[in-house]
Amino acid sequence: MARMGSLNALEQTQGNRFWNKWLDRSKLPSADVMGTVFSSIDRATLRGTIRHVYSRLKRNKALKPAFSDNLFALVIDGHESSASYLRCCDKCLHRELKTANGLNKVQYYHRHVMAVLLCKNLPLLLDIEMQLPGEDEVAAATRLLDRMFLNYPRAFDVVVADGLYARAPFFKTVTSHGKHVIAVLKDDRRDLIQDALGIFSQQQAVVFQEKALTRRCWDIDGLTSWTSFGKEVRVVRSVEISTICRQRTGQKEDTVSEWMWVTTLSKQIAATESFVLTAHGRWDIENKAFHELTTYWHADHVYKHTPGAIKAFWLMTMLAYNLFHAFIALNLKSTIRQAHTKLHFACLLAAELHAGSPLISCRAP
């Protein structure tokens, strides 16, 4: 929670009585003891605490859909959190990499899939699932969603994922629980793409303008080309032209990107513009979750190399992340939020902990 890079750094702060003032005890446990405790800590309790934070925010009407008035989106994506040539555990994935000397060397690494609820004021990190040896990312995501359907049955309406998840078994799993799916559509679905492009060539594009970004969109539903899924799907294409100014030359330049998605959402539930915004919301898990967690919260650091400890430290970091962003979004005036960065507020919180501020009236148990 203090955003320190290691348990040893946490232990070394005892010399200036950092934690003594706040915790009201003689000293913290050693780094080895804390690592051992996190190896056996109950992850279900940590998940329950995150769910309690979600329930409080939902009950206080603090959560609103990010892009649509009636559609909560859950983004799932995989993330490689650590890699090593020396340290490994029984749940490590492994791969062979060629070194500069031309020799093959085994690298051990961990990957997990995270579920993030997209909300208007803050992304809410809900749960993670580790990818196990011998399985792919989609298998871990399916296991994660089974738990999400149990713990958050009414929290979201649609699952948003990248092209790896455009598989019939995954779509069937999600739709069997009464939820919708959005996935990036790539060349491995040739029949569906060719049928959609054939129809798009006969349609007039709908144009949406957003500052320096122009979107030309085509939208068709009722496609039955995905025979392995066995249900009608909708395909949306967006050709996006953005104008950028090159810093070196000062000249303006247009960049073009093309996106296609397959979904079970109907046009009645999500109009074309709202759909495209929701589908692009998948990048929030990269920009606002993974990037911030690894850069400022040291989430990728392996505090203790055991599967249980890695899960527990990630869940604890997600809990701290949710509490911090809820405080920034809901407890600070908009003028204060606009005047400072989140890093500024994080430094203020750490400074008050270091100083043993009298504003902290409660003691930790």
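Buried means under 20% relative accessible area, exposed means over 50%, and partly exposed falls in between (1.4 Å probe, protein chains only). Everything here comes from a predicted model, where local features need pLDDT of at least 70, side-chain atom pairs count only at pLDDT 80 or more, and totals for chains, interfaces and linings use all residues. Residues are numbered from 1 along each chain as its sequence is written, and side-chain values use heavy atoms, with hydrogens and water left out.

**View 1. Cysteines without a disulfide.** You'll find zero disulfides in this structure (a disulfide is a pair of cysteine sulfur atoms within 2.5 Å). For Cys 88, the nearest cysteine sulfur belongs to Cys 92 and sits 5.6 Å away. Cys 88 is partly exposed, at 44% relative accessible area, while Cys 119 is buried, at 8%.

**View 2. Leu 86 in a nonpolar patch.** Tyr 85, Leu 86 and Leu 97 make a nonpolar surface patch of about 310 Å². Look for Leu 86 in the loop between β1 (73-84) and β2 (93-98); Leu 86 is exposed, with a relative accessible area of 78%.

**View 3. Lys 61 and its positive phi.** Most residues other than glycine have a negative phi. Lys 61 isn't a glycine, yet its phi is positive, about 60 degrees. This lysine lies in the loop between α4 (43-59) and β1 and is exposed, at 66% relative accessibility.

**View 4. Lys 211, with a positive phi.** Here's a residue other than glycine with a positive phi: that of Lys 211 is near 55 degrees. Lys 211 is in the loop between β7 (206-210) and β8 (213-223), and at 82% relative accessibility it counts as exposed.

Key:
Patch = residues over 30% accessible without salt bridge, like charges linked within 9 Å, V, L, I, M, F, W, Y side chains within 5 Å. Areas by Shrake-Rupley, 256 points an atom, 1.4 Å probe, with all protein chains shown as cover. Salt bridge = Lys/Arg side-chain N within 4 Å of Asp/Glu carboxyl O. Helix = DSSP H or I, 4+ residues; strand = E, 2+ residues; numbered from the N terminus.
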